[in-house]
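Please keep the sequence and the structure at hand while reading.

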Amino acid sequence: MTATLQIVDALGGALVMDLNGNTAGVGGYAKRGMNLSEGQLSGFGADVEWSPLAGPSGLGRRRATIPFLLRGSSADDVGAKVAKLMASVQGPWWLKVRRHGATADCWLQCFGCVPQVESQVTTSRTAHIAQGVIVCETAPHALGARVDGSVAVGQNPNSSAWAIDINGVTGDTATPLLLRMNDSSVFGLGAFGAFISVRRRQTPANLTALMLTRQAEFGSNTLSGGTGLTLTTLTGDAALSGSSGVRATFSSAYGALTGGQISFTAPDLTGVDVPGVYRMFVRLRRNSTANTQQLVLKAFVNGALIVPEDITVPVGGSATRLVDLGLVQWPAGAPASMSAPVPIASGATPTRVVLQFWRKNAGASIVDFDYLAWIPADDDAGYLHVDKALNSPSAQYVVVDGYQNLGMVTTGDPTGAHTIVGQSYGGTTPTVDWTGGAPRVRPGTNRVFVVAGTGGAFTHPLALNVNVGYSYWPRFTWLR
């Protein structure tokens, strides 16, 4: 197949001008000897190139140099083609490229330039031609065609939960995700909070929800606290994962700032996929009285406090929520990628997690502890928060744009025609906030975690899935 070198009106858009053929009379021919090869547009001379990435970060603009030859049936026809070429590249434009023999296209985002053109004023027995060179700056990566997918993400760790596997990603560089959620059962009920992270290294699918969670235990290693506090085992409660948990009952005799502790066995995290940084969450439920009182938590691993400050669950909000207990290293020490170069990466050492708790208010109430979760947080991770129900949840989308690293609400799927919904201060329009690193996928295998229930006024039940659509454009540092 002949190599493709075309000016188009968008990524995946319509043909504007063909630089390597005379398609429908709107093109020309790339200079003879031009090849598309690794790292650059190159020919038999140094005058044809796509410059190397700028600096070690690879985030700077690059420069493309493309000699061309325009042929026409007359001098006026050539002039018209030159005019068309000039008009096509003086603003931002796209260059569609495919190497000879390749089966897929890629696109270069190019910035405005003015081609250098030369033509013969007088001629005899020669074709009507104009030749020259396009020299322009480009974005650092070429992009492949958009890839789409969607998953109903479960939220009960006792079964398949939290995971979106995005495998077979092409390209040679990590690329951002465009996440969008259009789910009236979720976004029509109230405020929404979720922790979203990506595990890219090793074999991400080996980190399953069952491996990453442990139920609260009540036994010899669980201690009750001061006067007025008792702990009991809950069973047959469908609102809890595994229908079980531990209930802390504060009686009317309870005195403020005295409490107890609950222990959790170590997660089943072993093998080379495990070492890394995790954000630890506890799922708890408060009755109506406890929801008007401040609850304080402290988590210990190997007897060491995870975060130096007390973690206070504020008054109000959802009665059932996931509370962030902070970041933990698993196992204790550096991830395998940063540790000593031993031949076999170390696994996790089983250890018990102890969660201490107390209330800042005296008096009766009930708090139920469900499970503890370890969610990978050493690649890309962040929080999505929507402060109220969407006005039109069946039509609107909640979007996390990894390219811009922000959240928004749109009137339609952002891959098609849509409008960004304005977010007025103090108004009825919901506000979407994304805080953290842009979610990205690498070439190969990836697991994206979407863990709902991290805040807001809406209690996210375990049985309610979150419908998540995703898109990405593969990135290339060389022209495929």
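The model is a predicted one, and the values given here are computed from it.

**Nonpolar cores**

The largest nonpolar core holds 54 residues, and the members that touch the most others are Val 282, Leu 297 and Phe 369. Strand β28, which spans residues 365-376, gives the most to this core, with seven residues. Once neighbours within four places in sequence are set aside, the contacts of Phe 369 include Val 282 and Leu 297, together with Ala 216, Ile 262, Leu 355 and Phe 357, among others. The contact list of Phe 369 also includes Gly 245 and Arg 283.

Not counting residues up to four places away in sequence, Ile 366 touches Arg 247, Ala 248, Thr 249, Arg 285, Arg 286, Asn 287 and Ala 290. Ile 366 and Thr 289 are separated by 77 residues in sequence, while their C-alpha atoms are 7.5 Å apart in space.

**Pocket and cavity**

| Space | Volume | Lining by class |
|---|---|---|
| Largest pocket | About 400 Å³ | 11 nonpolar, four polar, two charged residues |
| Largest cavity | About 80 Å³ | four nonpolar, four polar, two charged residues |

The lining of the largest pocket comprises 17 residues, and those lying nearest its centre are Leu 178, Asp 401, Tyr 403, Pro 414 and Trp 473. The residues that line the largest cavity are Gln 155, Arg 283, Thr 320, Arg 321, Leu 322, Tyr 371, Ala 452, Gly 453, His 460 and Leu 462. Strand β26, covering residues 320-330, gives the most to that lining, with three residues. Arg 283, which belongs to the cavity lining, is also in contact with Phe 369.

**Cysteines**

How many disulfides does the count come to? The count is zero. For Cys 136, the closest cysteine sulfur is that of Cys 110, at 4.1 Å, and the two are therefore too far apart for a bond, since a disulfide requires sulfur atoms within 2.5 Å. Cys 136 counts as buried at 2% relative accessibility, and Cys 106 is likewise buried, with a relative accessible area of 0%.

**Positive phi angles**

Most residues other than glycine have a negative phi. Trp 162, however, has a positive phi near 75°, and this residue lies in the loop between β13 (147-153) and β14 (163-165). Ser 243, also not a glycine, has a positive phi of about 55° and is found in the loop between β19 (229-235) and β20 (244-250). As to accessibility, Trp 162 counts as buried at 1%, whereas Ser 243 counts as partly exposed at 29%.

Definitions and conventions: Residues numbered from 1 in each chain as written. Predicted model: local features only at pLDDT ≥ 70, side-chain atom pairs only at ≥ 80, totals over all residues. Heavy atoms only, no water. 1 Å grid on protein atoms, 1.4 Å probe; cavity = no way out; pocket = protein on both sides within 12 Å on 5 of 7 lines; lining within 4 Å. Points joined across faces, edges and corners; volume = space filled by probe spheres on them. Nonpolar A, V, L, I, M, F, W, Y, C, P; charged D, E, K, R; others polar. Buried < 20%, exposed > 50% of the residue type's maximum accessible area, 1.4 Å probe, protein only. Core = buried A, V, L, I, M, F, W, Y, C linked by side-chain atoms within 4.5 Å. Helix = DSSP H or I, 4+ residues; strand = E, 2+ residues; numbered from the N terminus. Contact = heavy atoms within 4.5 Å.
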